[in-house]
Structure formats: structure tokens, C-alpha cells
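Let's take a walk through this chain together. Have the sequence and the coordinates open side by side, and follow along as we go from one loop to the next.

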Amino acid sequence: WLNFTVRARDSGFPQRSSLADVHVQILDENDNQPYFITEFQNLSIYENQPVGTQIAVIEANDADSGDYGKVTFLIDRLSSQGKFTIDAETGVLSVADKIDREKKSSYMIVVEIWDNYQFGASSGESRNAFKQFYIKILESIFIQPVFVFFFL
């Protein structure tokens, strides 16, 4: 808010004047681009991790206030091939489906961040940014039990 008083005077004799209080509400405009805080781009996970296993937390911010500053996370379904998901509000990247290294040893996924997504994505009043993350699938190491037989 910006508050001030205006005085108006005429040039008569005697001079007359009047005061008026003015209150101006400054509304935020969606003039800032959301941006990634997360610097890492290379991730790794062991194959056969259960669905829901957390891989990383992607962090982002927007300098705007209110709905214009609320960041929503999305994952490109084509790049993730349905194997990964991201929580729209927290940025938690997780396993969404069974991962098998023998079928695919790495993924290059695209994470999108949007501001004002809920209200502005369909009307064009939303800004966005994209970042690629490389996920390497590691071979699971299973320790097989070893049986030792003793003959007497």
C-alpha cells in the first residue's frame, strides 16, 4: 500500500484549500521467471527400488508473491517413460514404476517448473522453466547365501 495526503488550493483571496487522503494498493504482477535452486543434474538409483522410493528433492523459487510466486513441479511423461514422478508441491522426485537396468540403463528426464500454474497455465498468465536431469540406473547387488557343507 502507498498512502499519502493531497492538498488542493485555489488562487482566490482568501485562499481556500481542501485535503484528501489517498490510499493506493500496489498489485503484484507476474514479472519474474521461476528458477531452479537445485544445481545437481546427475542422479543415480539402484534398479528394482520399490515404487515411491525418493530419488531427490528438486528445489525452485520465484520472486513474485502470492499465486504468481507459487511454484508447481511437473515431469515430462515422455522423457520419464512413466518410471518417475514428481510431487507438484514439494519437488520430491520418486520412482513411479519398476526399473530394470537390463532394459534401460539411464534416463534423461525433463522437470518443468511453473508459477501461477493452477490459475494461469491455461490463460497464458504463467511463466515456466525447464531443466534436464540424468538418472543412471545402477546394478543391484544381491548377496547370495553361501552354503558350506562339512563331511565328517
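**A walk along the chain**

Pro14 sits in the loop that links β1 (2-9) to β2 (17-24); helices (H or I, at least four residues) and strands (E, at least two) are DSSP runs, numbered from the N terminus. The peptide bond that joins Phe13 and Pro14 is cis, with omega about 0°. Before going further, please note that this is a predicted model, in which local features need pLDDT of at least 70 and side-chain atom pairs count only at pLDDT 80 or more, while totals for chains, interfaces and linings use all residues. Residues are numbered from 1 along each chain as its sequence is written, and side-chain values use heavy atoms, with hydrogens and water left out.

Now step back to the whole chain. It holds two helices and 11 strands, and their order along the sequence is β-β-β-β-β-β-β-α-β-β-β-α-β. Along the principal axes, the C-alpha atoms fill a box of roughly 130 × 35 × 20 Å.

Of the 152 residues, 31% are buried, where buried means under 20% relative accessible area, exposed over 50%, and partly exposed in between (1.4 Å probe, protein chains only). Among contacts with a separation of 6 or more, 61% come from residues 24 or more positions apart; a contact means heavy atoms within 4.5 Å.

Let's look at two buried residues, starting with Thr38. Thr38 belongs to the loop between β3 (35-36) and β4 (42-46). Why is Thr38 classed as buried? Thr38 is buried because its relative accessible area is 5%. Leaving aside residues up to four places away in sequence, Thr38 touches Val57, Ile58, Glu59, Lys131 and Phe133. Its side chain also reaches the backbone nitrogen of Glu59 at 2.5 Å, a polar contact (a pair of N or O atoms within 3.5 Å; within protein, one must be able to donate a hydrogen and the other to accept it, and residues adjacent in sequence count only if both atoms are side-chain atoms).

The second stop is Ser140, in the segment after β11 (128-138). Ser140 counts as buried because its relative accessibility is 13%. Which residues does Ser140 touch, not counting residues up to four places away in sequence? They are Tyr46, Glu47 and Asn48. The side chain of Ser140 reaches the backbone oxygen of Glu47 at 2.8 Å. The C-alpha atoms of Ser140 and Ile45 are separated by 9.3 Å, although the two residues are 95 residues apart along the chain.

Asn48, one of the residues that Ser140 touches, deserves a look of its own. Asn48 lies in the loop between β4 and β5 (54-57), and its phi is near 60°, a positive value in a residue other than glycine. Asn48 counts as partly exposed because its relative accessibility is 38%.

You will find Gln81 in the loop between α1 (77-80) and β8 (84-86). With a relative accessible area of 45%, Gln81 is partly exposed.
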